[in-house]
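Trainee: I am new to this structure and would like a close look at a single part of it. Could you take me slowly through the salt bridges and the places where their partners sit?

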Amino acid sequence: MNAEERIRRNRIRRQRQLRRRLALFATVVLLALSMAGGSFIVRAEDASSDIAYKYYTSIRIEKGDTLWSIAAEYGDEHFESGQDFLQEVIQINHLLDSDIHQGDYLIIPYYSSEFRR
């Protein structure tokens with residue numbers, strides 16, 4: 001085998017290796033894109049399900065108000081339970097216990113389907 005023949009065969013071998021590597025790379029990229037593409041599929045929501053935005057308001061404590069009465073008035077189905085609502089109110093207002101006084105103000109979370117800026 002002369003040198004020219006060896007060079008030609010090496011060139012052919014390198015071209016085949018390059019084609020295999022490119023084919024493997026393209027397969028990996030296509031596979032990754034197809035797997036990632038599934039996460040970008042848009043799921044339509046039922047038109048009857050309303051979007052609720054969370055807001056906060058300040059209320060003044062009136063005579064006879066307790067945290068439980070406030071939870072009964074302002075808590076709704078967006079909170080898992082009245083206790084969850086109370087825990088959030090206590091955390092937001094940095095209360096050490098459930099002792100509130102007439103004339104004090106509390107920040108209360110609530111949900112609305114209306115978007116406000």
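Mentor: Let us start with Glu-88, which is buried, its relative accessible area being 17%, where buried means under 20% relative accessible area, exposed means over 50%, and partly exposed lies in between, as found with a 1.4 Å probe on protein chains only. Before going further, please keep in mind that this is a predicted model, in which local features need pLDDT of at least 70 and side-chain atom pairs count only at pLDDT 80 or more, while totals for chains, interfaces and linings use all residues. Residues are numbered from 1 along each chain as its sequence is written, and side-chain values use heavy atoms, with hydrogens and water left out.

Glu-88 forms a salt bridge with Lys-54, and their closest N and O atoms are 2.6 Å apart; the term stands for a side-chain nitrogen of Lys or Arg within 4 Å of a carboxyl oxygen of Asp or Glu. Because Glu-88 belongs to helix H3 (residues 82-92) and Lys-54 to strand E1 (residues 53-60), this pair ties together parts that are 34 residues apart in sequence. Helices (H or I, at least four residues) and strands (E, at least two) are DSSP runs, numbered from the N terminus. Lys-54, for its part, counts as partly exposed, at 34% relative accessibility.

The structure holds five salt bridges, and another of them links Arg-8 with Glu-5, with 2.8 Å between the closest N and O atoms. Here the two partners are three residues apart in helix H1 (residues 3-37), and are therefore separated by about one helical turn. Arg-8 is partly exposed, with a relative accessible area of 42%, and Glu-5 is also counted as partly exposed, at 25%.

A further salt bridge joins Glu-62 and Arg-60, whose closest N and O atoms are 3.9 Å apart. Glu-62 is partly exposed at 40% relative accessible area, and Arg-60 is partly exposed at 41%. Elsewhere, salt bridges that share partners bring Glu-5, Arg-8 and Arg-9 together into one network.

To place these pairs in the whole, the protein chain has three helices and two strands, which follow the pattern α-β-α-α-β when read along the sequence. Of the 117 residues of the protein chain, 15% count as buried, and Glu-88 is buried as well.
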